[in-house]
Amino acid sequence: MMATIEELRSVLSGDEIDYPGVAAEVGSDALPQLLELAQEGDQAIAPRAVYLASLLPASGGLDPADVVRTGMTSGDELIRIAAAASLANLTDVPGDLVALLSDPDAGVRKVALQSAVANPFPGAREAVLAMVDTDPEPFVRDLASTVADQIA
Amino acid sequence: MPLTISGAVGEANAAGDPAPNNADDVFVVQGLLNNVPVASGGASPKLVFDGLIGPKTRAAIRHFQQTALSFQDGRVDVGQRTIGKLNELAGVKCVHLHVKTLQTPNISVDTMVRTMRRVYAQAAVGVELTSTENLALPALLDVNVGGCFAGVTTPDQDSLFGNQNGVVANEQVAYMVRTTIPPLNGCAAHPAARPGAVVTQVASQFTLAHELGHVMGLSHLTTEGATCATPDRRSLMTGCGTNNIIGTPLLSEAEIATVRASSLLFAC
């Protein structure tokens with residue numbers, strides 16, 4: 001169904017959101033509005049718009065990866081964390097999104113590592129192997145070591 | 001004293017000093033009056049839970065005093081017999097809450113707890129903040145909660161809820177984190193025998209009350225539509241965002257009964 005941006009904003013305001021259910025309801029017609037919400041950069045809504053978009057198929061020239069990319073370049077780590085989480089959902093992960101594994105925020109890197117296990121994407125293994133030795137955060141190095149064993 | 005007031009509610013005293021009638025105190029008195037059995041002087045019909053000292057609330061105070069205390073001055077004073085008797089006859093119970101903070105939320109913990117107290121006063125349930133603790137756990141700052149399904153937890157949640165310093169059986173723990181994966185305001189899924197919830201940095205002032213409502217057995221409203229076409233902005237258990245709530249959110253009679261029946265409440 002076609003959802004207005006205000007309807008999307010309302011449903012994304014929920015304290016707990018059934019993302020798969022909402023994705024099934026709104027469909028890929030919502031991608032332009034979700035891109036707009038991601039670009040608005042609201043700390044509460046933009047992460048959710050990014051994540052929801054990643055659950056949708058591409059439509060009309062707009063790819064959910066475009067919305068995730070908008071999240072990846074945000075100055076707000078909450079939005080970048082959502083982008084990192086979204087890597088687990090994308091059917092095709094463009095090469096530039098691997099940069100989330102080298103984000104300045106350790107939480108973003110952690111979530112990107114978890115996504116790499118769930119959805120091994122091109123370039124992930126090489127980046128993860130490098131993180132095992134070079135990541136500045138001990139818990140991220142430990143996680144990278146575990147992840148490296150799990151992804152081919 | 002489980003449900004207390006900070007200032008008098010109701011009429012002026014004999015010296016003519018008006019009661020402050022602060023909203024939070026009026027909420028407490030209204031909640032208590034609504035939970036005292038009618039035969040013991042409780043309000044009938046129940047008062048609208050609005051924090052306003054109108055004629056119905058004033059009359060209900062007098063009626064209660066006359067029935068339960070054989071006097072009436074229309075005033076509930078701090079620490080005096082009316083508030084004591086209200087607590088006794090309303091059967092007040094208490095949540096024992098521990099707050100463990102990994103990330104300071106945008107809305108302060110104090111505000112969230114104060115708001116939770118106001119909301120649950122309508123169920124004659126107090127909230128005792130039993131302990132607060134700061135946790136330096138960078139690996140759990142952002143918690144994977146999976147689908148946030150009741151009874152199903154992720155390794156992140158299991159690790160987080162393993163932090164139970166000072167917590168005894170049936171006490172509830174709120175973990176203040178930076179974010180969840182996927183991004184939510186909070187998630188009430190918890191390991192067995194470790195009741196509690198995760199609350200994120202962007203939570204509303206009502207998210208804590210909402211999530212612990214889930215922990216105590218409450219579900220989202222079923223009347224709002226899958227895409228929130230008809231959101232209920234007056235109810236605590238709205239599924240359309242507690243940050244959209246107008247005024248002090250309400251609990252239905254059935255929700256109050258569910259909360260009061262929870263095994264996670266203590267004698268205050």
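**Close-up views of the predicted model**

**Figure 1. Helix α2 of chain A at the largest pocket.** In this predicted model, α2(A) contributes five residues to the lining of the largest pocket, the most of any element. The volume of this pocket is about 1,200 Å³. Besides α2, the elements that give two or more residues to the lining include α7 of chain A, and chain B supplies α5 (155-161) and α6 (207-215).

**Figure 2. The centre and lining of the largest pocket.** A total of 49 residues line the largest pocket. Those that lie nearest its centre come from both chains: A:Glu16 and A:Ile17 from chain A, and B:Gly147, B:Cys148 and B:Phe149 from chain B. Sorted by class, the lining comprises 27 nonpolar, 17 polar and five charged residues.

**Figure 3. The contact between chain A and chain B.** Chain A brings 29 residues to the contact, and chain B brings 32 residues. Between the two chains an area of about 2,300 Å² is buried, and carbon and sulfur atoms give 54% of this area. Of the area that chain A buries against chain B, 29% is supplied by A:Asp15, A:Glu16 and A:Lys110, more than by any other three residues.

**Figure 4. Polar contacts and salt bridges across the interface.** Across the interface of chain A and chain B, 15 residue pairs are in polar contact, both residues being at pLDDT 80 or more. The count of salt bridges between the two chains is three. A:Glu77 forms a salt bridge with B:Arg178, and their closest N and O atoms are 4.0 Å apart.

**Figure 5. Helices of chain A that face chain B.** The elements giving two or more residues to the side of chain A that touches chain B are α1 (5-11), α2 (19-26), α4 (46-53), α6 (77-86) and α7 (106-118) of chain A. Among these, α6(A) gives the most, with five residues. By class, this side of chain A holds 14 nonpolar, six polar and nine charged residues.

Figure 6. The structure holds one cavity of 30 Å³ or more, and the volume of the largest cavity is about 60 Å³. From chain A, the lining of this cavity takes A:Gln43, A:Ala44, A:Pro47, A:Arg48 and A:Leu78. From chain B, the lining takes B:Arg178, B:Thr179, B:Pro183, B:Leu184 and B:Val202. By class, six of the lining residues are nonpolar, two are polar and two are charged. B:Arg178, one of the residues lining the cavity, is also the salt-bridge partner of A:Glu77.

Technical notes: Residues are numbered from 1 along each chain as its sequence is written. Chains are lettered from A and ligands numbered from 1 in the order in which they are written. This is a predicted model: local features need pLDDT of at least 70, side-chain atom pairs count only at pLDDT 80 or more; totals for chains, interfaces and linings use all residues. Side-chain values use heavy atoms; hydrogens and water are left out. Contact means heavy atoms within 4.5 Å. Buried area is the accessible area (1.4 Å probe) that two parts lose on being put together, summed over both. A salt bridge is a side-chain nitrogen of Lys or Arg within 4 Å of a carboxyl oxygen of Asp or Glu. A polar contact is a pair of N or O atoms within 3.5 Å; within protein, one must be able to donate a hydrogen and the other to accept it, and residues adjacent in sequence count only if both atoms are side-chain atoms. Helices (H or I, at least four residues) and strands (E, at least two) are DSSP runs, numbered from the N terminus. Ala, Val, Leu, Ile, Met, Phe, Trp, Tyr, Cys and Pro count as nonpolar, Asp, Glu, Lys and Arg as charged, and the others, Gly among them, as polar. On a 1 Å grid over the protein atoms alone, a cavity is a set of points where a 1.4 Å probe fits but cannot get out, and a pocket is an open set with protein on both sides within 12 Å along at least five of seven lines; lining residues have an atom within 4 Å of a point. Grid points are joined across faces, edges and corners, and a volume is the space filled by probe spheres set on the points.
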